[in-house]
Amino acid sequence: MTSLDFYALPWYKKILVKIAEFFVAIGKGVANFVIGAPGAVWRFIKMIGRGLRWLGSTFVHGDALTKLSYIIMGAGNLFRGQIIKGLIFLSAEVAYIGFMIDSGLGFIAGLRNLGTVQRGWYFDETLGIDVMRENGDNSMLILLYGIFALFVTLAFIFMWVHNIKSAYSAQQIKKSGRKLPGFVDDLKSLLDGQFHKTLLFIPVSGIVVFTIVPLVYMISLAFTNYDKDHQVPANLFTWIEFDNFKTILGSNSTIGNTFWPVLGWTLVWAFLATFLNYFLGIILAMLINKKGIKFKSFYRTLFVLAIAVPQFVSLLVMKNVFAEAGPVNVLLQELGWISSPLPFFTDPMWARMTIIAVNLWIGIPYTMLIVSGILMNIPDDLYEAARIDGASPFVMFRKITMPYVLFVTTPYLITQLVGNINNFNVIYFLTGGTPATLDYYQAGKTDLLVTWLYKLTVNSRDYSYAATIGILVFIICSLLSLITFRRSASYKNEEAFQ
Amino acid sequence: MREIRKHSYSYHRKQRTINIVIQIVLLILGLMWILPLLWIILTSFRAEPGSYTSYFWPKSFTLDNYSKLILVDQQFKFTKWFINTFIVAVVSCIGSTFIVLAVSYALSRLRFKMRKPMMNIALILGMFPGFMSMVAIYYILKGLGLTENPLVCLTLVYICGSGLTYYIAKGFFDTIPKSLDESAYLDGATRSQVFFRITIPLSKPIIVYTVLTTFMAPWVDYIFPSMICGANYDSYTVALGMFKMLEREFIGTYYTQFAAAAVLVSIPIGALFIVMQKYYVGGVTGGAVKG
């Protein structure tokens with residue numbers, strides 16, 4: 001369809017076309033993702049291949065000391081006069097080998113089947129009776145230690161490559177007759193040429209220890225049977241490949257029958273919460289900023305006050321406002337409009353609508369706050385010109401305000417969408433997932449995937465299912481955002497204004 | 001001529017009616033937004049106990065809810081929670097600010113091989129539900145022998161996690177002209193000197209923003225403390241403790257005190273939020289305006 005055809009369509013068909021385009025874009029995104037993933041893996045393999053080739057060619061071109069550095073780390077630096085640097089490499093190697101012999105190899109070997117000796121009664125053949133075994137294997141710790149050892153090994157490989165690089169560059173500097181940088185020079189470069197290493201060392205190690213390692217651990221759990229029937233330390237758990245995904249995505253179990261409805265509600269919630277907040281917030285901002293409205297800043301402060309209150313406070317208050325004996329029901333009953341309390345949180349449909357409504361209460365002021373600033377930036381003469389041409393307020397909104405606001409806030413909208421898919425607070429504080437239902441496994445009618453994940457971890461300790469759901473949420477979020485985000489101008493042209 | 005004047009007259013009249021309607025709508029909306037807050041403030045001064053009353057305006061007022069909450073040593077130690085949260089907030093705010101500034105500056109102004117991969121990894125890590133890895137974090141902290149002291153755990157995890165929230169600060173650094181750095185390099189400045197002497201003094205807004213957001217985070221975080229703190233009321237943060245006060249067995253006795261606690265927490269945090277909001281708006285929209 002050409003753009004001319006599009007403009008000739010009546011407005012409702014235009015909307016349909018836009019919606020169709022949206023879903024085509026999602027389809028394309030999924031396709032790109034599926035096609036792109038092997039590409040990324042292939043690039044990764046090629047990168048490793050290049051690294052290996054570099055290691056080989058360095059070995060060929062290196063002199064005896066550089067070659068020695070392949071086995072004894074730091075040799076290339078140590079014997080060329082960079083004593084401290086060489087000693088650091090050497091001690092890293094000694095420490096690593098010591099760790100591996102002492103316990104590391106055992107840790108990594110444990111990853112194979114996550115423990116074999118189960119605690120409990122077993123038949124001892126020499127004694128001929130059942131014996132209680134007190135110290136069984138703890139699969140959870142075996143997995144954690146194994147991952148820890150793997151990360152130590154990764155760090156060691158990183159160090160090793162660094163050592164070879166350093167040895168080779170020392171060799172080349174010597175050959176060209178220049179003076180080798182001493183330890184003090186190296187330290188100085190950490191404040192200049194290598195300043196990024198100084199800045200990033202602590203943050204990156206923090207993220208590795210408290211984000212990446214836990215995440216790798218949880219991702220591995222998704223491929224084990226660490227559920228409520230395989231609790232440590234009394235029981236062992238082991239690898240079961242993709243069975244958890246099959247259970248959750250299939251429809252043969254209660255878990256499978258829980259996942260799809262919960263996913264459906266999560267998506268409905270995320271879209272409604274994001275877009276309703278967005279559009280109503282824009283309308284509110286326009287009402288406040290309209291010419292001729294008095295007390296603009298008074299209204300703005302009023303709404304900002306509502307969001308200045310910490311979210312958990314206002315959510316807990318709202319929970320009580322809409323409770324069965326809460327003020328809203330009491331008021332309506334006193335007025336005689338209803339005879340029995342409205343089921344704000346007890347009926348599934350009502351509860352869902354109440355949640356979305358309360359979320360409007362929390363979310364609209366945010367959009368209002370952001371959009372107010374943008375609205376003031378729109379040049380007045382645009383509206384002036386439109387008015388002279390006879391445009392109605394609605395047309396001006398559609399042709400001037402919306403495109404402008406949308407352009408500026410698209411990244412915000414995407415973050416909001418992902419944030420709402422993962423919106424733990426609103427659901428947990430308002431309903432805690434209730435009303436409960438027997439159709440679902442460990443979830444209530446208003447549970448999102450994240451709150452279900454929480455319940456699976458905290459209440460029933462089905463860690464493996466929780467981890468699987470976490471991975472699925474990740475896939476959904478990255479599909480929705482990574483594609484859009486990476487196409488956005490601010491990602492591509494980050495240096496445009498430097 | 002008269003035609004036009006007449007037209008413009010009716011146009012203005014129409015505008016006036018529209019404005020009055022809007023004014024009324026805004027007033028009603030404003031009431032809807034402010035009433036729940038008013039209700040909680042009234043409840044905090046209410047003398048009659050119990051969670052719900054069948055009337056909006058309390059029959060008699062008292063300050064007992066506040067004085068009991070703060071002064072009387074009861075099952076729930078609000079003062080202790082408040083101090084706990086304050087300490088965690090101050091320490092983690094200092095640590096996090098340094099980390100956020102370091103990361104965002106490095107990713108914005110310095111050029112090195114791992115820069116883009118690092119940003120992509122940060123993006124990917126942000127897509128996982130934050131709660132997912134908390135169980136594992138708990139075991140790592142246990143392995144480090146820190147779980148005896150939940151507040152240390154909280155501080156550590158908040159600081160270490162802040163490295164991933166560099167996005168808004170990076171957007172700010174992206175807008176500082178690069179020519180400033182370059183002229184300093186020409187004069188022989190090192191990269192660290194440029195960072196400390198040129199960029200940081202120019203970055204007051206983003207430092208204020210980072211300090212405020214990282215200070216506020218521990219006050220409003222519920223989920224991670226609920227994982228770490230366990231059953232020991234002494235080491236609770238306010239969010240966790242106040243959630244506890246509303247549990248079924250306590251709500252009847254403690255609801256008015258909960259309201260008082262809500263007011264006491266909301267005043268400082270709300271004030272900080274109001275200071276922060278203009279930076280927040282700039283941060284959210286800034287990245288896109290320049291795109």
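## Overall dimensions

Chain A has a radius of gyration of 31 Å, whereas a compact globule of its 498 residues would come out near 23 Å. That radius is taken over C-alpha atoms, and the globule rule is 2.2 Å times the number of residues to the power 0.38. Along the principal axes, the C-alpha trace of chain A spans about 90 × 75 × 45 Å. The C-alpha atoms of chain B occupy a box of roughly 85 × 75 × 30 Å along the principal axes.

A word on conventions: this is a predicted model, in which local features need pLDDT of at least 70 and side-chain atom pairs count only at pLDDT 80 or more, while totals for chains, interfaces and linings use all residues. Residues are numbered from 1 along each chain as its sequence is written, and chains are lettered from A and ligands numbered from 1 in the order in which they are written.

## Helices, strands and burial

Chain A contains 20 helices and 2 strands; chain B contains 13 helices and 0 strands. Here helices (H or I, at least four residues) and strands (E, at least two) are DSSP runs, numbered from the N terminus.

How much of each chain is buried? In chain A, 33% of the 498 residues are buried, and in chain B 40% of the 291 residues count as buried. A residue is buried if 20 or more other C-beta atoms lie within 10 Å of its own, exposed if 12 or fewer, and partly exposed in between, with C-beta atoms placed from the backbone. As for contacts, two residues qualify if their C-beta atoms, placed from the backbone, lie within 7 Å. In chain A, 64% of the contacts between residues at least 6 apart in sequence join residues at least 24 apart. In chain B, residues 24 or more positions apart account for 74% of the contacts with a separation of 6 or more.

## The hairpin of chain A

Strands β1 (residues 120-124) and β2 of chain A pair in the antiparallel sense over 5 bridges; pairing requires that DSSP finds at least two bridges between the strands. A:Gly120 stands opposite A:Arg133 in β2(A). The two strands form a hairpin with 4 residues between them, and A:Gly128 in the turn has a positive phi of about 80 degrees.

Are these strands covered or hardly covered? β1(A) is hardly covered, with 0 buried residues among its 5, and β2(A) (residues 129-133) is hardly covered too, with a buried count of 0 among its 5 residues.

## Two helices of chain A

Helix α12(A) (residues 311-321) is mostly covered, since 8 of its 11 residues are buried. Among them are A:Phe312, A:Leu315, A:Met318 and A:Asn320.

A:Ile88 sits in helix α5(A), which covers residues 83-110. Why is A:Ile88 partly exposed? Because 17 other C-beta atoms lie within 10 Å. A:Ile88 and A:Asn163 are 75 residues apart in sequence, yet their C-alpha atoms are 9.8 Å apart in space.

## Domains and the nonpolar core

An automatic or database domain assignment gives chain A domain 1 (62-241) and domain 2 (254-492).

The largest nonpolar core holds 164 residues, and A:Leu449, A:Leu453, B:Val157 and B:Ala262 touch the most other members. Such a core is a set of buried Ala, Val, Leu, Ile, Met, Phe, Trp, Tyr and Cys residues joined through C-beta atoms within 7 Å. Helix α3 (residues 78-109) of chain B gives the largest share, 14 residues. Domains 1 and 2 of chain A both give residues to this core, so it lies between them. Leaving out residues up to four places away in sequence, B:Val157 touches A:Phe210, B:Ile137 and B:Phe224.

## Where the chains meet

Between the chains, 73 residues of chain B are in contact with 79 residues of chain A. Helix α13(B) (residues 248-289) gives the most to the chain B side, with 14 residues. That side divides into 51 nonpolar, 18 polar and 4 charged residues.

Methods: Ala, Val, Leu, Ile, Met, Phe, Trp, Tyr, Cys and Pro count as nonpolar, Asp, Glu, Lys and Arg as charged, and the others, Gly among them, as polar.
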